[in-house]
Amino acid sequence: MREILLWISSFFALIISLFWIQVIYTKEIKFKTVIKLPKVSILIPAHNEEKTIAKTIKSILNLSYPKDKLEIIVVDDSSTDRTQQAVKKFKQVKLIYNQHRGLGKASALNTGLKNVTGELFAVVDADSEVKKDSLKKTISFFEDENIGSVISSIKIRDPKNLYHHIQRLEYILATFIRKLMSRIDTLHITPGVLSVYRTDVIKKLGGFDENNITEDLEIALRLRANNYSVKMSPDSITYTKVPSNFKDLWNQRIRWFRGFIYNNLKYKKMFMNKKYGLLGRFQLPLNAITFFTIVILFLIISYEIFTRLYEFIFKIILLKENIITTFYFDFPPLKELLLSLNIKLIFPLTVSFLLSLYLLKRAHKSMDEKLLFNPALLLYFTVYPILRTLHWIAAFYKELIKSKRKW
């Protein structure tokens, strides 16, 4: 049974990978350069960001965008550190205060939204930085009135430890897939690292959901539900800070994945709905199928590992065999080990791995990054998928028991 499930999962992965490879070679729509630039208000929601917000503001002030058409607003979301003092050093920045409410930063964004004067507004997280031309690179997309938001390409600057390097690979691939999704108009997320919106559209839709732990996903789905497109500007480069340890990474991903589950259920009416084109008939069902495929593969691999481990422990504890002797005599020669491998299990896993490696290589090329063959790459393909699956299972369990959602 497990072999059948593995083959089905691998066949699914093969078809999807080939689909994305085909999208790679489709022609991308180019927009003309905008001569008359609109006024843009940049919102920076901040809660206890004294260590990073100065760099964020400096990078925004350094944007190659007309200063008379740029409005910078920091919304202090009930900080208890020296965030306000750090912001007040910049006279070009407007600082407003928000009494925190809701589950996350949405209340700060809504407070900021009431104060913006730009035709467009952008959201930039207080631990992020933007490249000099990043804002300009997004503006031409808004020539199409059906586009409600444009997002940037997110990178991790100067990864310092193993957690950073693994997430660097993850971000590069995620950005690449978002680029392809944008190309076929199935993109449905607006991350907090420079996402630009039409001000009047977001106000008309009622602003951000203050009872949502992933307001960037929710607002993007709401835009799509109201027939607005979300596009990505591949040349708009931004940088973000990522978790540096297991605990922070775990909490962040649980929040992300719980938000994914909650918001996909919230907008379930879009599933298989031809009104929403490829998003409804392909992308959203694909997201759900991918989730269940990950869980199935995890259970299959876990079963194999625990079965072998149980047999080994049984011999040591119950049969009282010597651990060194047992390991030495039970471990077959390389030739015998290769011949004993279950080709029905190994072949689909190998094909899936090679396709994933190819997409990762193409993603690096697309982002002008070099694919490094280091320990992070090995862990990314071995240990990290197991950790991500545990994130999904934990998130699903918390949603199932209706555990309190936390930012």
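**Close-up 1. Leu 194 sits in strand E7.** This view, like the others here, comes from a predicted model. Strand E7 covers residues 193-198. Let's start with the backbone: Leu 194 is not a glycine, yet its phi is positive, at about 60°. How accessible is Leu 194? Its relative accessible area is 2%, and because buried means under 20%, Leu 194 counts as buried.

**Close-up 2. Asp 185 is placed in the loop that runs between helix H6 and strand E7.** Helix H6 spans residues 162-183. Is Asp 185 buried or partly exposed? With a relative accessibility of 26%, Asp 185 is classed as partly exposed.

**Close-up 3. Ser 79 belongs to the loop between strand E2 and helix H3.**

**Close-up 4. The side chain of Ser 79 meets the side chain of Asp 76 in a polar contact.** If you are setting up distances, the value for this side-chain pair is 2.5 Å. The Ser 79 side chain also reaches a backbone atom, the oxygen of Ala 46, at 3.5 Å. Which residues does Ser 79 contact once neighbours within four places in sequence are left aside? They are Ala 46, His 47 and Asn 48.

Definitions and conventions
Residues are numbered from 1 along each chain as its sequence is written. This is a predicted model: local features need pLDDT of at least 70, side-chain atom pairs count only at pLDDT 80 or more; totals for chains, interfaces and linings use all residues. Side-chain values use heavy atoms; hydrogens and water are left out. Helices (H or I, at least four residues) and strands (E, at least two) are DSSP runs, numbered from the N terminus. A polar contact is a pair of N or O atoms within 3.5 Å; within protein, one must be able to donate a hydrogen and the other to accept it, and residues adjacent in sequence count only if both atoms are side-chain atoms. Contact means heavy atoms within 4.5 Å. Buried means under 20% relative accessible area, exposed over 50%, partly exposed in between (1.4 Å probe, protein chains only).
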